[in-house]
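These are my notebook entries on a single protein chain. I set down what I looked up, entry by entry.

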Amino acid sequence: MMEEVDVEPAVTNIPAASDGKHLGFAWGPGDILVYETLYKASVAQGSGCSFIHEVRKDEDIYSPNLRKLFNESHHIFVGLQTIREDLPSKNKKPQFVSISKNYRSVIRACMEELQQVAVSTKDAEVATQYGNQVSILLAIELIWNLCEVLFIDAAPAGSLLLHLLDWVRLHKADVDEKAAEVLQSESPAEHHDYWDVVVSYVLQGRLEEARQMLVKQATLHPAARKMYKLMDTLLSKMPFYNPGGTQTLTEFDVKWRHWHGEVNRCLQDNSFASNQHLEIICKIIVGDEDTLLEHKELLSTWYHFLVTRLLFSHPTVKPTELHYYAQSCMTMFLDARSVPEPLDNILLAAFEFDIHQVIKECSIALNNWWFVAHLTDLLDHCKLLQSHNLHFGSNLREFLLLEYASGLFTHHSLWQLAVDYFDNCPEFGRVYLGLQIEHIPLDTERKALKVLRICEQRQMSEQVRSICKIMAMRALRNNRLGSALSWSIRAKDAAFATLISERFLQDYCTRGTFSDLDLIDNLGPAMLLSDRLTFLGKYREFHKLYGEKRFSEAAKLLLSLMTAKIAPRSFWMTLLTDALPLLEQKEVIFSADQTHELMFCLEELTSSLNHSAPGTDKPTQDEDIEQTKVELLRLALARNLAMAIIKEGTIEA
């Protein structure tokens, strides 16, 4: 079980706090807002101000240069989740190693880009900032590579040292730059860095390159050619284990011990006593610890010292023995007064095969969750974290992924990547996604549609309704009725759809035309969401029928809107007025029964109007207009009724 954090967290200075002012704060998904309150503390200094300070816990999320790291690693993460659980572990191991290498190549690519920007920028402060980011990425890649060797690839004895050599060579590349400088000089063998390069090659086990460099020195000193020839023979004879070969580890060990004895004899015989540099090389390859420690500057780190020491004294080291050598090498290499850096502790924990300690130390030391989240996810897929559950909820993998994804959600574009991380957290991912979506600012309709699609794909009906309501209200405030209606239909919000339908009808009464005809014409089953929306759709259908001169169908629809009480009472006069042109047609359109129904509706309307507005001394202009409309309607209805009775009587006769 991981212990609680046992180091002091980083301190963030807030200007107002130092003046003794009273501060309030509000937690956000990825930051804290700190603000000054009206409360006056007795010790407060200076005048109050209205500053709000944003304290971010994950500043790297906002670095444009790390965007590539987040985007590329997201693709790798999603691919990793598709590896089938039921495959045998021996089949999955190469896939996991390949995925680990992909993650590391993304880190390296990002690091190289940052390095170029740091070199090209003229701003010293920016260059320092980028330099710091490069250092962090370098440490991350170093740790990841070691975890790949020890945990994911899980190399056995023999192969283990070869992997560790590659690890050291990759992260100690300055020898190649120095070698290039030496070889480009007029006389490489006389260059002041010549022997440093040769010794560095030997320390890294790059004996072939060391031999090629020694040839230049031998050419320069013919008298010592025999001595150089002997050294060349010793270096060429050093056996390296070949995992793909037929030789067993025991056979290799016998062969290596024989070679080691030969080198030791040469040292005892003082074969290189007359050449200080060759004697140093001989002491190194025999594994003399004092000589190795004399070359701390060339080794530069205790873990380079560890790998070199193993190479020349214990090349068949087993994984279980590593922790002993790692601890002793760190103790020997570091100054007794110096305190190990966080990186030293992390690497030591890895050599001790304490995965949880590695994750814990990295979580404390690194300034974002990217590394621990992705490494833990990969290790979990390798079935290396099965025994570890947290006492406060989900397992370690899910906890770290949730933290990382929550940080991504605070970014204006990276939030889309976070969705896939939440999707792959079976216990709390959906809950977190729902909570985070509520904090996304819906700046544009395009962004709202993106968020909506995510929610709809995951059947998050509550969030779908919330987004649609927000967008509908915003569209209504901007008087975009069509958009507002579309969003309210999508939200299945009957009350809001009724409100917007009323606005459409009010607009029609004012202007005499409908806006957003395409939307109203294509409502389909959505018009059943509310009675008012049904009326709006049907009333528009009446206008279409009238425009197409399908008068009989139009008349039937108009009458049904009133008799079925679908039309609001306030709109009856408009509907009866719309009936006037149909009543005035030469051909009888309304039957006698239909005309009676229209008359009944008119009388019902006029009686309700008379009750609601008791007589005043002087009628207003609007009342005069209404009265005129009523009289015209009565006249038209009476005339139509007479014509309908005659027509129907004639047909019956």
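**Entry 1: S200.** I began with S200, which is buried at a relative accessible area of 10%; buried means under 20% relative accessible area, exposed over 50%, and partly exposed in between, with a 1.4 Å probe and protein chains only. S200 sits in helix α7, residues 194–203. I take helices (H or I, at least four residues) and strands (E, at least two) as DSSP runs numbered from the N terminus. Leaving aside residues up to four places away in sequence, S200 touches V175 and L298, where contact means heavy atoms within 4.5 Å.

**Entry 2: basis of the values.** The model is predicted: local features need pLDDT of at least 70 and side-chain atom pairs count only at pLDDT 80 or more, while totals for chains, interfaces and linings use all residues. Residues are numbered from 1 along each chain as its sequence is written, and side-chain values use heavy atoms, with hydrogens and water left out.

**Entry 3: the chain as a whole.** I found 31 helices and three strands in the protein chain. Of its 653 residues, 46% count as buried. Among contacts with a separation of 6 or more, 64% are between residues 24 or more positions apart. The accessible surface comes to about 34300 Å², and 53% of it belongs to carbon and sulfur atoms; such areas come from the Shrake-Rupley method with a 1.4 Å probe, and for residues only the protein chains shown count as cover.

**Entry 4: the core.** I then turned to the largest nonpolar core, which has 191 residues. A nonpolar core is a set of buried Ala, Val, Leu, Ile, Met, Phe, Trp, Tyr and Cys residues joined through side-chain atoms within 4.5 Å. W167, L214, W302, F351, W370 and F371 have the most contacts inside this core.

**Entry 5: helix α21.** Which residues of α21 (429–437) are buried? I noted G429, L433, G434, Q436 and I437. Their cover includes α19 (396–408), α20 (415–423), α22 (445–457) and α23 (461–477).

**Entry 6: α22 against α24.** At what angle do α22 and α24 (residues 481–490) pack? The angle is about 10°, with the axes 13 Å apart. I recorded α22 as roughly parallel to α24. E445, A448, L449, L452 and E456 of α22 meet S483, W487 and R490 of α24.

Entry 7: A154 is not a glycine, yet has a positive phi of about 45°. A154 lies in the loop between α4 and α5 (159–170) and is partly exposed, with a relative accessible area of 40%. F353, also not a glycine, has a positive phi of about 60°. F353 is found in the loop between α16 (342–351) and α17 (355–365), and counts as partly exposed at 34% relative accessibility.

**Entry 8: Q585.** Last, I looked up Q585, in the loop between α29 (572–583) and α30 (592–612). Q585 is partly exposed, with a relative accessible area of 26%. Apart from residues up to four places away in sequence, Q585 touches Y546, F551 and M643. F551 is 34 residues from Q585 along the chain, and their C-alpha atoms are separated by 9.5 Å.

Key
Axes are lines fitted to C-alpha atoms, for helices over the stretch in contact, and angles run from 0 to 180 degrees between N-to-C directions. Angles under 35 degrees count as roughly parallel, over 145 as roughly antiparallel, 65 to 115 as roughly perpendicular and the rest as oblique.
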